[in-house]
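User: Hi! Could you walk me through this structure?
Analyst: Happy to, here it is.
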Amino acid sequence: MKLRELNTHVIYKFIFTIVTGILLYAPDASGQIVLENVPVGVKPVEFHISAVNDERTNKEPIARLLVTSQANKMVSKQAELQGGPATAINRYLNRNLPKNESLTAVVMGIEDLNIRETALPNGNISGKVTLKASFGLPKNYGVAPLVTTQYAVNYVRSPNITPQIEGYLRSILKSSLVYFNNWMNSNANTDPRLARSVKFTFSDYSEKKEGDTIYYSPKRKLRWDDFQSRNISSNKYQALVMPGIGYNQDAKIVNGIVHVHIAVKAYLPKSAAWSRTTGRDAYTLNHEQRHFDIVKIISEQFKEKVKNADLLPDTYDAFLNMQYLDSFRDMHTMQKAYDKETSHGLNRIAQASWDEKIDKLLESKP
């Protein structure tokens, strides 16, 4: 059973605030919003923010605020975070969010950030501050998504009160980080995307009751009654077999480690073993047994290559697939060399040499 990749979570939460007093934090005269150096109030225990990216499709200034002009008319004025959203938020978090770089690196993406105000019929102004933020893991191919959150602050103010934009921004930033911190605390040891390492164990696949397929065992040698194919014929050979290699894979997460168990299959379907009904002897049976032995040798080499590879939780699966294909090709290459050098068993001297070579390779397996 392979681990399935979990879907990205999207969290929506809305905070409603009615403004009744004089507010202190506003854009400066140049229209720049500066986030104040106030602790976020979150202590990450599983991650640190390694970067903040501006992922918005619309890169216009984040705020459009209503102000009263000299002509006593309501007009819209733009305002922007100083340096842009990514720079401003990254600077704010670096200064005010605890950062332990030994923890999992996480990239925060600003997917949407805007402040919009509209005039109400009673003369007041309605405002909404919205932040949509994503959190993901930095990879060499980009960012692997984990969670997306969306928070908002709604407010109503009178025209002569300055909106507390800076405070609202810090509030929804905190809400996003609180949620993500809680999510990481809950999922760090169980989500495969957050696994820190991978460990392998191996076994040789077997079945309690033998059916049509023979799974390799040193105690289970081929017998002539295993050759049950009636669909394969040859005018050249006394017998032939078509063994194969495969594996079953099972993975689970325990304390942030992916434990992968691989049951390796060196197998021969009885329906893929053919022989003439006459001339069955021990020498010919041994030649066919050696074809099966070669599959076992390759299966052990497959195990060793996986054991010795320096694999990561998000790359091991692709490596297994590639290594299996490589081992499958290695098996065919060795089978062809065996038949070519022994002339399909007719060269008894070469056959004896291969018998010795195969026995040594079988004995050398762990």
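Analyst: A word on terms: axes are lines fitted to C-alpha atoms, for helices over the stretch in contact, and angles run from 0 to 180 degrees between N-to-C directions. Helices (H or I, at least four residues) and strands (E, at least two) are DSSP runs, numbered from the N terminus. This is a predicted model, where local features need pLDDT of at least 70, side-chain atom pairs count only at pLDDT 80 or more, and totals for chains, interfaces and linings use all residues. Residues are numbered from 1 along each chain as its sequence is written, and side-chain values use heavy atoms, with hydrogens and water left out.
User: Thanks! At what angle do α3 and α4 pack?
Analyst: Helix α3 (residues 282–308) and helix α4 (residues 316–342) pack at about 150 degrees, and their axes are 9 Å apart.
User: So how are they oriented to each other?
Analyst: α3 and α4 are roughly antiparallel, a label for angles over 145 degrees.
User: New topic: is Leu-169 buried or exposed?
Analyst: Leu-169 is buried, because its relative accessibility is 3% and the cut-off for buried is under 20% relative accessible area (1.4 Å probe, protein chains only). Leu-169 sits in helix α2 (residues 165–187).
User: And how many residues of strand β13 are buried?
Analyst: Ten of the 13 in β13 (residues 257–269), so the strand is largely enclosed by the rest of the structure.
User: In which sense does β12 pair with β13?
Analyst: Strand β12 (residues 244–254) and β13 pair in the antiparallel sense over eleven bridges; pairing takes at least two bridges found by DSSP. Gln-249 has Ile-262 of β13 as its bridge partner.

Conventions
Angles under 35 degrees count as roughly parallel, over 145 as roughly antiparallel, 65 to 115 as roughly perpendicular and the rest as oblique. Buried means under 20% relative accessible area, exposed over 50%, partly exposed in between (1.4 Å probe, protein chains only).
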